[in-house]
Every structure is written in structure tokens, then in C-alpha cells.
Amino acid sequence: APADGPTSARSTPTDRYWLHLLLFALTVVSTVYVGADWWAYRPGYYATHDETVSLLMGTVNRAWLLDGLRYAIPLLAFLTVHEFGHYFAARYHGVRTSLPYYIPFPFNGIGNFGAVISIRQRIPSTRALFDIGVAGPLAGFVVALGALIYGFATLPPPEYLLDLPAHEALKAHIRQHGTFPETPPVPEDGRFILVVGSTPLYWFLSQFFANVPPMYEMYHYPVLFAGWLGLFFTALNLLPVGQLDGGHVLYALLGDKWHRRFAQAFVFVLLFSGGIGFMEGVQQSLRDVSPWLGRSSWILLAAIYYGYLYKIFGGTDRRTWAGLAGLLGAVAVAMTLGATGLGWTGWLVWSLLIIFLVRVKHPPVLRPQNLTPGRRVLGYTAIAIFILCFSLQPLGTL
């Protein structure tokens, strides 16, 4: 039968509930472990709070487990509500879809690779496409915002960080002044300091609360960090390209022509930022080996850009060469002006996924429709949420 037509009971995929529950349970365990053992690890505090809890696999420190849950609960609530937003919108329109598949992974610093649902037929109309695309980000954003506000409202004083291992310069400043230092301390013993990027919404909310940690220490606050991750993932899903949620919204709002223009322009922004981050990191590393290798990093960046632009424009033409020259020139000007706050190498990786997997262009729907006024309001609300949650440099190191 056609993808959007009726199917027999034999050919209709069924949910394996045991698999969804197993993946969810493994994701809970993985995320709790990462939250407690990486982002909130406080051995001094656990030593003085040594009560244990018996679990299936043995006993764990109760305070350690609570730190893990403070991170895991808001993050998994965000992921769950986001995916079920898509799920219920699809069911409302009669589109066959799976329950969420959670992806546990304890080695990426987050504890999971999110969750996905499988749409089992082609989405039939513009309004259905819009509703399914916008429901997940809007629903998930409510949870992320709630976690962020709760995290800000329950912030402990700076002395909370005295229980962390290392961080000696930071702890010395807190002991002496009772506040966070205005500038980041020098990394100790070759360690690096992770800095997460502020977003317009995060910055705005931070103005109303006391004891707000600097961005280079925020990840030690489990609820606050989970809320920040919710904003980060919301922004990634709302990137206005291809078949991401933001691409669905923009395509439904503006149509194919303007979606294609905005999507290509935004990918150029990501490539520009990724190029700056690439040159800052790779050029210095190569220059330490040889001055010639440092200069050759421009050739490597040009090759990466050319491959991306070739795919975007479907071959080599004037647009490909003009885009290559424009991107290289913009990166060179930005580096000359010292605009280091604009670069993140990770955008080159995301651009790779977007261009070769998600695709920049959005495929046509079966039945084009105009959106209702209420849907248009929700669409522009989603765009505003994207702007509030987006950071051009979401991660960095010192």
C-alpha cells in the first residue's frame, strides 16, 4: 500500500513495549550516573553524608544518587515531553508513529543521545507537518524553562563548590571573599575548564537571582545544567533547516522558496562560526609543529568548505565559488579583528550532519495548505524561542 494509505494489520509495525521500557530504564541509569559522577561529583560532601541506598546492582551513596537524580529527572522530563509532543500531534492527525526510543550512552558527558520517534508514513499535509514539527519544541521548552527557573531559585551559596575536587584557585577565592571570581582562574596542571555559552533567555533569567555561578562553573549545578541543556537541545531542534523541527515550522510558515533561502543563509552562518573555531584550534596546533603547517590550515578549511558547498548547490558553479570566497574572506576578517567569541568548531560537525543527512532543502508535502492564524502565531513563537535559546558558541574551553 502507499506510504500514506491504509495498511493491513500484518504490515502495520507494532510497538515493542518491552524495548521502549528497557531503553528508558537504561537511559535513566546512564543519565543518573553521568549527572552524579561527572557534573555534580562532591566526594567531600559524600564522605560526611555516607548513608547508602540498596538497589538491584548493590548499594550506592544516597547523596550521590540524589545528585544524579537532580540532573537526570529534569533532563529526561524534557526529552520525554518533547518526544510525546511529536507523538500526540502525529496521532491527532492519524499519522502512524512509534513510541519514543531513548538512546542511553554514558560516555558522551550527557548520559544519552536523546530520544527519537519513528514516523511510519509520509506526513500528508502542511498543517499536519507544522503541528507535528512545532509540538515537540514547544512542549519541551516549557519543561526546560521550568527546570531553569527552579535551578536558579534553589541555587546554594558559592561555598557549595568547596566540596568539589581540584578547583583549588576557585575555592581559595571563595574562602577568602565568599563570592565567585570575576575572571576564570588559570587551569591547573594542564587541565581545561569547560565553558558553556550563555543564551539570551539564560542571561535574562540570571539577572533576577542571587548566587548565579559563572558559565565556567555552571555545569556543577545539576538542575541548572539540565535546564541549560534543555535550551540547547531546543535550539538544535529548531535550527531552520531541512527536516529538523525548525525546518518544518519555517517551511509551513513561508513556503519552499523562502525556506530554502533562510536555510542556506543559516547554514552559511554555522559554517562561518565553525570556520573561526577550526582556525583558532587547528591553526595554532599546526603552527606549534611548523609555521608552514599553520598556513596550510587555510587550505584544509577551504577543502572542507568546498565539499559542503558542492553538496548544497548540487555541483560546482558560480554560487559554489562565490560562497567559498565569501566564507574564507569572512573568517579571515573575523580573525583579524579578534572576533574569537563567534567561533565554535562543533558547527562544522553539525553542518556535516545537516548537509549530508538532514539536508538543507525541505521535501514537498503531499497536500499544501495555508496555516490558520493560530498556527502562524505558534510558528512565530517557535522562532522567538529559537532566538532566545540559541548560542553561537555553546561550548568552549579555557
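Predicted model: local features only at pLDDT ≥ 70, side-chain atom pairs only at ≥ 80, totals over all residues.

Student: How many cavities of 30 Å³ or more does a search of the whole structure find, and how much space lies in the largest cavity?

Tutor: The general idea is that rolling a probe the size of a water molecule over the atoms shows where empty space is left. Here the search of the whole structure finds one cavity of 30 Å³ or more, and about 60 Å³ of space lies in the largest cavity.

Student: Which residues line the largest cavity, and which helix gives the most to that lining?

Tutor: The lining is made up of T199, W228, F232, A235, L236, W347, C389, F390, S391 and P394, and helix α7, which covers residues 222–237, gives the most, with four residues. By class, eight of the lining residues are nonpolar and two are polar, while none is charged.

Student: Is helix α7 mostly covered or mostly uncovered?

Tutor: Helix α7 is mostly covered, since 15 of its 16 residues are buried. From its first C-alpha to its last, α7 reaches 22 Å, close to the 22 Å expected at 1.5 Å a residue.

Student: How should I read the span of helix α1?

Tutor: Helix α1 has 23 residues, 17–39, and at 1.5 Å a residue these should span 33 Å; the end C-alpha atoms are 32 Å apart, which agrees. The buried residues of α1 include L19, L23, T27, V34 and W39, and the elements that its buried residues pack against include α2, α3 and α7.

Student: What lines the second largest pocket, and which element gives the largest share?

Tutor: The second largest pocket holds about 340 Å³ of space and is lined by 13 residues, of which V29, L55, M57, V60 and L65 lie nearest its centre. The elements giving two or more residues to this lining are α1, β2 and α3, and the largest share, four residues, comes from α1. By class, the lining of this pocket has eleven nonpolar and two polar residues, with no charged ones.

Student: Finally, why does H248 count as buried?

Tutor: The cut-off for buried is under 20% relative accessible area, and H248 counts as buried because its relative accessibility is 10%. H248 lies in helix α8, residues 245–289, and, leaving out residues up to four places away in sequence, H248 touches L129, G133, G242, Q243 and H362.

Terms used. Residues numbered from 1 in each chain as written. Heavy atoms only, no water. 1 Å grid on protein atoms, 1.4 Å probe; cavity = no way out; pocket = protein on both sides within 12 Å on 5 of 7 lines; lining within 4 Å. Points joined across faces, edges and corners; volume = space filled by probe spheres on them. Nonpolar A, V, L, I, M, F, W, Y, C, P; charged D, E, K, R; others polar. Expected span 1.5 Å × (residues − 1). Buried < 20%, exposed > 50% of the residue type's maximum accessible area, 1.4 Å probe, protein only. Contact = heavy atoms within 4.5 Å.
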